[in-house]
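Colleague: Thanks for making time for this one. Could you walk me through the model, starting with the sheet?

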Amino acid sequence: DRLPIVRRFILASTPEAEQAALAELEQAQTIDFESVLEAMDELPVTVRLLDPPLHEFLPDLLDLTAREARGELDDDEQTQLVAVRRLHEANPMIGTRGVRLGVVRPGLYEMQVRALCTAAANLFERGKRPHVEVMIPLVVEAEELRIARSWVRDVLDEIGHPELKSTVVTVGAMIETPRAALTAGELAKHADFFSFGTND
């Protein structure tokens, strides 16, 4: 049920439409995170930030193209087809995803971190003890992780809850590419933890 919201964000053609989708997604994510953190009270919860291969969130290009050829697309679907063609990647598994999506679509990761930290702050107010670990996906170099860590720090400053300290919210990287493994020493300068994608 979150798919239509993510799709609206990805396909947004104006800053206003993008912000509206992000606001709706933030509200949904805050509720989701709060329930998870509450169930895991006092235990660490590692949240891997959004890492969508775009094709999984978009309508199928082949289907839209076939329906266009048959003259079956309405105006909405015609707009979707234009966007899907624009965003199509030869290999979406290594394309614009992970931390790179966060860089090219500003606001996405900040929204998710804000939802996570808001959920934690809400639980602190109810006497709970959430422990949050933010995992940044598909990091391949230290600068990406430095930037992502600054997003988390900025959100923590924005929320300003006294319980949300660096000991409660930690930031780490998902090591899931050969480059990340080879540059792990540099990545470690900006990470509180690593998670190894051993299947990768």
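Colleague: Over how many bridges do β1 and strand β2 pair in the parallel sense?

Modeller: Happy to, and please keep in mind that this is a predicted model. In the open sheet of 4 strands, the order is β1-β2-β3-β4, with parallel pairing. Strand β2 covers residues 131-136, and its parallel pairing with β1 runs over 5 bridges.

Colleague: Which residue in β2 is the bridge partner of threonine 46?

Modeller: Let's start from the edges: β1 (44-48) and β4 (193-196) each pair on one side only. Threonine 46 has its bridge partner in β2, and that partner is glutamate 133.

Colleague: What angle does the direction of helix α6 make with that of β2?

Modeller: Helix α6 spans residues 108-125 and packs on the sheet.

Colleague: Is arginine 67 buried or exposed?

Modeller: Arginine 67 sits in helix α3, residues 61-69. Leaving out residues up to four places away in sequence, arginine 67 touches Glu72, Leu73 and Glu77. The relative accessible area of arginine 67 is 18%, and the cut-off is under 20%, so arginine 67 counts as buried.

Colleague: And what about methionine 40: what is its relative accessible area?

Modeller: Methionine 40 is in the loop between α2 (15-39) and β1. Together with Val36 and Leu43, Met40 forms a nonpolar surface patch of about 240 Å² of accessible area. Methionine 40 is partly exposed, and its relative accessible area is 34%.

Note on methods:
Residues are numbered from 1 along each chain as its sequence is written. This is a predicted model: local features need pLDDT of at least 70, side-chain atom pairs count only at pLDDT 80 or more; totals for chains, interfaces and linings use all residues. Side-chain values use heavy atoms; hydrogens and water are left out. Helices (H or I, at least four residues) and strands (E, at least two) are DSSP runs, numbered from the N terminus. Buried means under 20% relative accessible area, exposed over 50%, partly exposed in between (1.4 Å probe, protein chains only). Contact means heavy atoms within 4.5 Å. Two strands pair if DSSP finds at least two bridges between them. Axes are lines fitted to C-alpha atoms, for helices over the stretch in contact, and angles run from 0 to 180 degrees between N-to-C directions. Patches are made of residues with over 30% relative accessible area and no salt bridge: like charges are joined within 9 Å, nonpolar side chains (Val, Leu, Ile, Met, Phe, Trp, Tyr) within 5 Å. Accessible areas come from the Shrake-Rupley method with a 1.4 Å probe; for residues, only the protein chains shown count as cover. A salt bridge is a side-chain nitrogen of Lys or Arg within 4 Å of a carboxyl oxygen of Asp or Glu.
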